Amino acid sequence: MSEKRSNTLLSVRSITKSFHTNSVLKGIDLDLQESDVLALIGGNGAGKSTLMKIIMGIYQQDAGEISISGELVNMNKPSIALAHGIYLVPQEPMLFPNMSVEENIMMGFREKPKNLQKQLTQLMKQLDWVIDLSRTAGSLSIAEQQLVEILRGLLRNAKILILDEPTSSLTFNEVESLFKIVKDLKKKGIGIIYITHRLTEVFTIANRVAIMRDGLITLSGPVEDFDYDMLVKGLLPEGDDSENTSVSQETKPLEYASLKPVFEVKKLCGNGFHDVSLSVYPGEILGLAGVVGAGRTELATTIFGKDEVLSGTVLIGNKDITGFSTRDVMDEGVNYVPEDRFLHGIFGMLDVAANTTSSRMRNLSKFFLQPKAEQEITEEYIKQFRTKVTGQDQVMSSLSGGNQQKVVIARALATEPKVLILDEPTRGIDAGARTDVYSIIHQLKARGIAILLISSDFEEIIELSDRALSMYSGRINHEFSKHEITQDNLMAAAFGVQPGRVANA
Amino acid sequence: MRKHKSLPRATTSVIFLILMFLGVGLINTSFLKLSNILLSLNSGVVYTVVAMGIAFVIITGEIDVSVGATVGMAAAVCGSLVRDGQGTLGVLLALLVGISVGLFNGFGVTYLRIPSIIMTLGTNGIVRGMIYVYTEGKWVENLPVEFKSLSQKQFFGTFTWFYLLTLIGMVLIFLFMNKSRIGRYFKAVGDNPNGATLLGIPVKETKLTAFVLSGLFAGIGGIMYASRVGFITPIAGMGYEMKVIAACVLGGISLTGGVGSMVGATVGAAIMASLSRVLVFLGLPSDYDNTITGILLIIIVVFDSVFQKRSAERMRKQRLAAKIVHSESASEVSSHA
């Protein structure tokens with residue numbers, strides 16, 4: 001088998017690509033062998049997606065060549081890539097929402113449907129997956145959609161599978177079964193390019209790793225040659241290695257005795273969560289841990305007036321704001337930075353200034369806007385948050401993920417809230433920007449803002465929180481004081497397991 | 001949970017059609033006579049053909065408002081040549097007119113990336129103008145009786161041959177769209193164009209084909225129009241775009257693309273054709289025809305979007321509710337705290 005391992009499936013040589021004057025890839029060399037799981041990591045804007053789109057034939061490179069199994073291929077259409085056994089499972093699944101699962105999987109094949117059906121059932125049995133083929137794809141969860149995508153790729157007998165952040169929206173069990181699948185595929189000789197932001201996964205699943213930064217592969221090699229710190233260093237911009245991801249801004253523990261909660265939720269029930277009670281104190285960061293889909297985002301959006309309250313109360317100070325509209329909730333001093341900034345967070349076509357001040361449009365204008373005030377507020381936040389922009393007039397969608405997130409947080413702050421709900425504030429942004437966001441959160445805490453921090457990244461909860469709750473399947477199942485917040489405790493609680501030792505709730 | 005696919009919606013359209021006949025029948029019983037019902041269906045043959053063509057375009061998520069002018073142009077070309085004794089050439093040229101208009105639209109929308117509403121609106125103007133140039137503003141009249149009688153020939157005294165052919169065509173297209181690999185591309189492209197690209201489906205070519213088919217069917221509609229009406233004015237086919245778009249929407253073809261079937265388009269066209277006769281039987285002036293079509297179109301679109309939002313919302317709530325762990329098992333976990 002050892003000689004077989006040396007078979008090169010994919011070989012990418014000196015690929016360059018520019019969009020207008022912006023050079024995104026500056027000469028990429030990449031090899032994928034049979035049975036390789038190559039973890040590709042890199043910050044947002046490093047060029048990972050562009051590279052994958054070139055390999056998939058969606059974009060054309062400006063220069064450089066791609067060969068598949070030693071044969072030079074002019075990859076100018078996705079159908080050519082598919083014919084050569086490449087399949088890309090995109091980060092956001094690209095299913096046909098109005099079609100059934102079966103139609104989705106069968107789409108685009110030349111073979112007879114009957115044969116395909118047989119192969120599909122066989123494949124699903126082999127993988128031990130159960131999914132109702134007659135369901136409409138639009139009704140599937142993201143995780144299920146991803147499984148459908150993988151099935152599509154496997155049914156095509158893909159030899160090269162590209163998984164673009166496959167676990168970013170999966171639950172714990174689903175991640176486990178995905179890893180199992182990846183290992184199975186590896187045994188079959190399939191080469192996998194595994195793009196991820198979760199560094200721990202690199203060591204769990206990959207045998208090789210490549211780090212991309214600024215359109216170049218800066219480091220690559222067998223996983224054994226790397227450790228966690230080396231990966232982090234490789235991701236950080238050069239000359240920035242003094243600043244580690246861990247912001248060790250040790251803060252004094254809060255004196256709870258002298259504080260009164262500024263924000264309270266009592267026995268709140270809504271769509272996706274049940275009987276939730278919590279309170280947040282001024283200057284406190286309350287972590288809300290749990291897996292994706294535990295109901296945390298639904299809780300936040302319901303508090304924020306976007307969904308109906310079924311029962312229970314929400315208090316700010318002593319004022320009952322249960323069931324208020326979003327605008328009224330904001331007026332009462334609660335603001336929310338949503339999880340998915342692309343879907344709910346930004347006005348991509350507008351500039352940075354308009355995005356920053358859009359939340360307080362009403363305060364800024366009598367009838368016409370006041371450009372001066374708008375500029376001042378924007379300038380203040382750009383400086384404070386070290387947002388990298390060419391100017392206030394830069395269009396939002398052209399910023400990197402981390403900088404977009406800073407603008408979104410700035411926008412929430414422009415309303416001067418007493419309570420801020422942050423939903424996955426660092427999801428999908430690179431290590432450098434993450435450090436900045438953490439220090440922003442610390443600044444807010446110092447200002448006395450009560451922060452409810454929703455995160456699936458337990459390290460983030462440990463790093464920032466004064467207290468933490470865990471949510472499991474729509475309910476709060478544990479509360480942890482500062483010293484109890486450990487990776488193990490959070491993990492156990494988030495997956496519905498009894499943590500080893502739990503103190504008073 | 002039921003699957004909301006095109007067929008149930010086509011069924012509700014059939015029910016709507018029956019109710020409409022019964023409702024009007026209550027007021028004027030002669031409306032329910034078989035001969036009238038058949039007349040209504042047969043009179044809708046041009047709408048039906050054109051609606052099936054435009055359905056391809058709507059299913060791929062685009063729109064084509066040039067079909068009215070295309071019907072008129074094809075009818076004028078076909079009619080004038082038939083009058084001059086060149087029937088076969090007339091029919092072929094009418095089809096060519098349709099295909100050319102479709103190619104023009106499709107090229108503009110896919111390769112020049114012009115929004116389809118603008119592209120086809122422009123085409124509509126161009127083609128309508130060309131009818132005036134071609135006919136010099138005069139009516140095309142005095143078509144031979146044999147040509148006109150083509151549309152009157154009936155199949156066992158029920159459907160006209162035209163309508164029967166249309167129904168056969170409908171079945172064939174239905175099978176093509178649902179059973180063949182390429183036929184399925186149309187829905188895929190309308191449902192999620194980016195997803196279709198990733199699967200190697202030729203999105204541009206599929207859309208171009210949809211426009212060509214829309215033009216071709218409008219061409220066929222034009223030939224049928226010339227035979228049925230027997231004379232062609234420069235405004236022939238005007239307003240057909242609204243009728244057939246309304247027919248498609250009524251038949252459950254979603255304007256956002258990806259959803260719908262040819263059966264729906266056919267039933268919708270039958271409703272549209274009957275509507276004009278309803279006015280006659282209710283003793284209302286036919287001046288209201290277009291207004292009622294327009295109102296109906298808007299009502300259906302609004303109803304559809306509300307309905308879709310509701311069902312999406314209901315699905316979301318069910319999905320979320322399914323996630324909440326039952327109280328017993330939850331307390332089991334937390335009671336130890």
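Colleague: What percentage of the 337 residues in chain B do buried residues make up?

Modeller: This is a predicted model, in which local features need pLDDT of at least 70 and side-chain atom pairs count only at pLDDT 80 or more, while totals for chains, interfaces and linings use all residues. Residues are numbered from 1 along each chain as its sequence is written, and side-chain values use heavy atoms, without hydrogens or water. Buried means under 20% relative accessible area, exposed over 50%, and partly exposed in between, with a 1.4 Å probe and protein chains only. By that rule, the buried share of the 337 residues in chain B is 52%.

Colleague: How many helices and strands are there in chain B?

Modeller: Helices (H or I, at least four residues) and strands (E, at least two) are DSSP runs, numbered from the N terminus. The C-alpha atoms of chain B fill a box of roughly 95 × 55 × 35 Å along the principal axes. In chain B there are 15 helices and two strands.

Colleague: How far apart do the C-alpha centres of domain 1 and domain 2 of chain B lie?

Modeller: Domain bounds come from an automatic or database domain assignment, which gives domain 1 (33–286) and domain 2 (288–337) in chain B. Contact means heavy atoms within 4.5 Å, and here the contact takes 15 residues from domain 1 of chain B and twelve residues from domain 2 of chain B. The distance between the two C-alpha centres is 36 Å.

Colleague: Which residue follows helix α11 of chain B?

Modeller: Helix α11 (residues 203–229) of chain B has 27 residues and reaches 38 Å from its first C-alpha to its last, close to the expected 39 Å. The expected span is 1.5 Å times one less than the number of residues. Of the 27 residues in α11(B), 20 are buried. After α11(B) comes a residue with a positive phi, near 90°: B:Gly230.

Colleague: Is B:Thr29 buried or exposed?

Modeller: B:Thr29 is found in the loop between α1 (6–27) and α2 (34–43) of chain B. Because its relative accessible area is 61%, B:Thr29 counts as exposed.

Colleague: How many disulfides does a search of the whole structure find?

Modeller: A disulfide is a pair of cysteine sulfur atoms within 2.5 Å. Among the cysteines, B:Cys78 is buried at 0% relative accessible area, and A:Cys269 is buried at 9%. Over all chains, the number of disulfides found is zero.

Colleague: Which residue in the turn between β14(A) and β15(A) has a positive phi?

Modeller: β14(A) pairs with strand β15 (residues 319–320) of chain A in the antiparallel sense over two bridges. The two strands form a hairpin with two residues between them, and the turn residue with a positive phi of about 60° is A:Gly317.

Key
Chains are lettered from A and ligands numbered from 1 in the order in which they are written. Two strands pair if DSSP finds at least two bridges between them.
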